[in-house]
Amino acid sequence: MKIAIYPGSFDPVTSGHLNIIRRAANIFDKLIVCVMVNAGKNPMFTQEERVELIRRVTGDLPNVEVDCSDELLADYARRRGSCVILKGLRAGSDFENEFQMALINHKINPDLDTMFLTASSEYMYLSSSAVKELGTYGVELSDFLPAEIIPDFQQRIEQRRLSVQGGK
Ligand code: ADP
């Protein structure tokens with residue numbers, strides 16, 4: 001069985017992520033979407049909340065599992081019996097970083113290869129951080145986020161706005 005792992009922060013999952021998940025689910029027998037800890041970011045949603053949001057938007061995909069981990073990705077892949085890391089490639093800016101990560105992961109776990117799916121043209125510009133930025137200005141989000149999670153996202157934006165105001 002060919003199992004691929006799609007790791008990321010998914011804070012929150014966007015329509016661009018979902019596009020990659022759907023396409024990968026057609027290619028591999030099983031896809032594990034793994035919410036990783038990213039110490040460099042101050043997340044909007046907890047790891048558990050991000051898992052729940054991804055589960056909600058992938059409920060119709062029987063070969064997609066959603067998990068989270070704070071392990072080294074190469075160790076996680078070995079433990080889950082996967083030899084493929086899947087990444088989405090947007091503009092050239094993703095490439096250099098992803099290329100370096102792919103080489104490092106392969107060095108740590110030589111059975112592990114990284115495969116890339118190019119972003120669909122309509123989502124090429126989309127990132128979770130861009131959506132968070134747009135959300136604070138009240139921009140309509142249906143082109144950027146799966147409909148099922150927009151209320152959760154808007155509620156979180158509002159909570160953040162109130163806590164910033166309260167802190168003034
Ligand atoms: P971001 O916070 O920039 O959205 P993530 O860490 O959540 O990044 O991304 C996880 C993976 O999904 C990465 O491989 C990233 O390149 C990919 N990805 C993110 N957004 C898109 C998109 N719009 N289209 C294709 N791939 C994407």
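The model I am reading is predicted.

Next I looked up how S1 and S4 pair. S4 covers residues 84-89. Two bridges join S4 to S1, and the two strands run parallel.

Then I turned to S2, residues 30-36. I found six bridges between S1 and S2. These strands also run parallel. Opposite tyrosine 6, I noted valine 33 in S2. I followed the chain from S1 to S2, and the path goes through helix H1, residues 15-27. This β-α-β crossover is right-handed.

Is S1 mostly covered or uncovered? I checked residues 3-8, and five of the six are buried. S1 is mostly covered.

I stepped back to the whole protein. I listed six helices and five strands. Along the sequence I read the pattern β-α-β-α-β-α-β-α-β-α-α.

How much of the protein is buried? I noted 46% of the 168 residues.

Last, I checked the overall dimensions. The C-alpha atoms fill a box of roughly 50 × 30 × 30 Å along the principal axes. The radius of gyration is 16 Å. A compact globule of 168 residues would have a value near 15 Å, so the protein agrees with that expectation.

Note on methods: Residues numbered from 1 in each chain as written. Predicted model: local features only at pLDDT ≥ 70, side-chain atom pairs only at ≥ 80, totals over all residues. Heavy atoms only, no water. Buried < 20%, exposed > 50% of the residue type's maximum accessible area, 1.4 Å probe, protein only. Helix = DSSP H or I, 4+ residues; strand = E, 2+ residues; numbered from the N terminus. Pairing = 2+ DSSP bridges. Right-handed = clockwise from strand over helix to strand, strands pointing away. Rg over C-alpha atoms; globule rule 2.2 N^0.38 Å.
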